[in-house]
Amino acid sequence: MMGRRYLWAALLIAWSLVLAPACAAQEEMPELSAALQSFWAELPDEIRRQLPDSLYDAAQGFPDSEDLLEATSFSSVLQTLRDALLGTLPSALKGFGQTLLCLLFSAVFGVLCEAWGRDKLTQTAQICSRLCMAALLCEEQIVLLRLVSATLQQLQVIVNAMLPVLAALLAAGGNTATAAAGYGSLALFLNLAENLIAEFFLPLTAAVCGLTAVVGLSDRGRLRGLLSCLRRVLTYTLSLFGVLFSAVLSAQTLLASGADSVSAKTLKFALGKAIPVIGSAVGDSVRTVASGLSYLKNTVGVMGILLTLLPLLGAVMHLVFRRAALTLGEAAAELLGCEGEQKLLGDFASINGILLALLAGAAVCFIFALILFVRMSLVISA
Amino acid sequence: MESVKLCAAAFLCTVTVVLVRQYRSEFTLPIRTAAVILLLGFGLVLLSPTVRWIETLSQQVFSADHATLLLRALCILFLVRICAALCRDCGEPTIALCLEFAGKAELILLMIPLLEQLLTGVSAFLSWQ
């Protein structure tokens, strides 16, 4: 598994440095076919199914430049994104249906139990319904957490692989002072940020998830204080990370920002509202990300951007839909009068929001690291 | 409408118990028990299509094990409640208390597979790497 990730990391770095011009020249590279096949195997199923057949064919090797241009045109990419979105929807709707049905059972169960009085026996019976809800939520959350963890590990592998490659290029080239002074520190910061998200924030979020499931079973638990403390630590450190990230972004001059526009401001506002804790930091970076992707497109082509963004797409869509389903479930629980289940669903929805924030932060750091890598390699070789 | 018949049957049983208590108090318990069984049976017959519908729906969308568990918990709760109430009516609160304790124990026993599933998930969360 780790071997495949390293292979994919090497593929992405090689593509950005070497292979984009080679593809344009239509040279044959048989060793790349195995790497591309591994990359395709790593993509989530719902993404791979939506990719056009002409994008890659193991039998025929690289497609003609015209076919590749058509397959990677803006309309094709939009259609792929739309189909991938619709492909993730059924599983999200099924998860929402299960949650709603469990809520209906809990509501009817609670009403029938309380018809006989609110004593210890009724409370014990009501724990059954909360246990069902907690077990269902835990099962789905583990699957989602594994997906996010796999995505973050993939990004971490690539970003960790960039530093030694850059060091080797620095040693081989002659323009060390200029490259190291400006680019080195920002590359190091992005590397640290990526590792911090994968190695600290994600396990802490998983621990908060586990405690939430236990605390949600009963209103009289003694772990609520510990859970609040952990959540506060997670939120404060994440917001501190967001502030630091915004400060570094505003202080650096290597990654240029794009022009301000209504669409950029709208996207910034939407991201600020949709992503909790570090939403404003991610929103502030929208213009820089947009100009960086434009730079990447001019350097490595649309294929390079697809290689960058496709593995992120599956995890992001799953998280967005799951969070929406949990929020709707929380509203339904309030309507049905299931207070315990309402709190449980609300807590899990906020945890998924934090996971979305982690993924957004890691994605932005990864895109910046990639842009920096491409620019640094060009400066070194100048 | 079934409710009218149920109300009529319950009223008839209550009047019978009150009358019999005046003359032969030792017969009130069997009559009371018979009335409870009759009314419960009527209720279960009315409930059976709903239970079948819930089971069908749960197999399609929800986990069938969870739905079965909740239904069993509900049955345990009803049975224990009714029997405990009968014991109290007969002047035996201690027996009623012990019966409720046994009911709680059975509910906890029912929850063990779910608790195992939840604890497996929680330990996976807490040891995440």
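Visitor: Let's start with one side chain: which residues does Leu238(A) touch, leaving out those up to four places away in sequence?

Guide: Contacts here mean heavy atoms within 4.5 Å. In this predicted model, Leu238(A) touches Phe201(A), Val277(A), Ile278(A), Ile354(A), Ala357(A) and Leu358(A) once those sequence neighbours are set aside.

Visitor: How many residues are in the largest nonpolar core, and which have the most contacts inside it?

Guide: A core like this is a set of buried residues joined through side-chain atoms. The largest one has 110 residues, and Leu238(A) is among those with the most contacts inside it. Others on that list include Leu152(A), Phe245(A), Phe368(A) and, from chain B, Leu118(B). Helix α12 of chain A, residues 339-380, gives the most to this core: 26 residues.

Visitor: Now for the interface. How much area do chain B and chain A bury between them?

Guide: Look at the area first, then at what sort of atoms make it up. Here the two chains bury about 3,400 Å², with 85% of that on carbon and sulfur atoms. On the chain B side, Arg81(B), Phe125(B) and Trp128(B) lose the most area to chain A, together 25% of what that side buries. The contact draws 41 residues from chain A and 33 from chain B.

Visitor: What about salt bridges and polar contacts: how many of each does this interface have?

Guide: Zero salt bridges turn up between chain B and chain A. As for polar contact, the count is one residue pair, with both residues at pLDDT 80 or more.

Visitor: Which elements of chain B give two or more residues to that side?

Guide: They are α2 (28-60), α3 (64-89) and α4 (93-126) of chain B. Of these, α4(B) gives the most, with 15 residues. By type, the chain B side divides into 24 nonpolar, six polar and three charged residues.

Methods: Residues numbered from 1 in each chain as written. Chains lettered and ligands numbered in written order. Predicted model: local features only at pLDDT ≥ 70, side-chain atom pairs only at ≥ 80, totals over all residues. Heavy atoms only, no water. Buried area = accessible area lost by both parts, 1.4 Å probe. Salt bridge = Lys/Arg side-chain N within 4 Å of Asp/Glu carboxyl O. Polar contact = N/O pair within 3.5 Å; in protein donor to acceptor, adjacent residues only side chain to side chain. Helix = DSSP H or I, 4+ residues; strand = E, 2+ residues; numbered from the N terminus. Nonpolar A, V, L, I, M, F, W, Y, C, P; charged D, E, K, R; others polar. Core = buried A, V, L, I, M, F, W, Y, C linked by side-chain atoms within 4.5 Å. Buried < 20%, exposed > 50% of the residue type's maximum accessible area, 1.4 Å probe, protein only.
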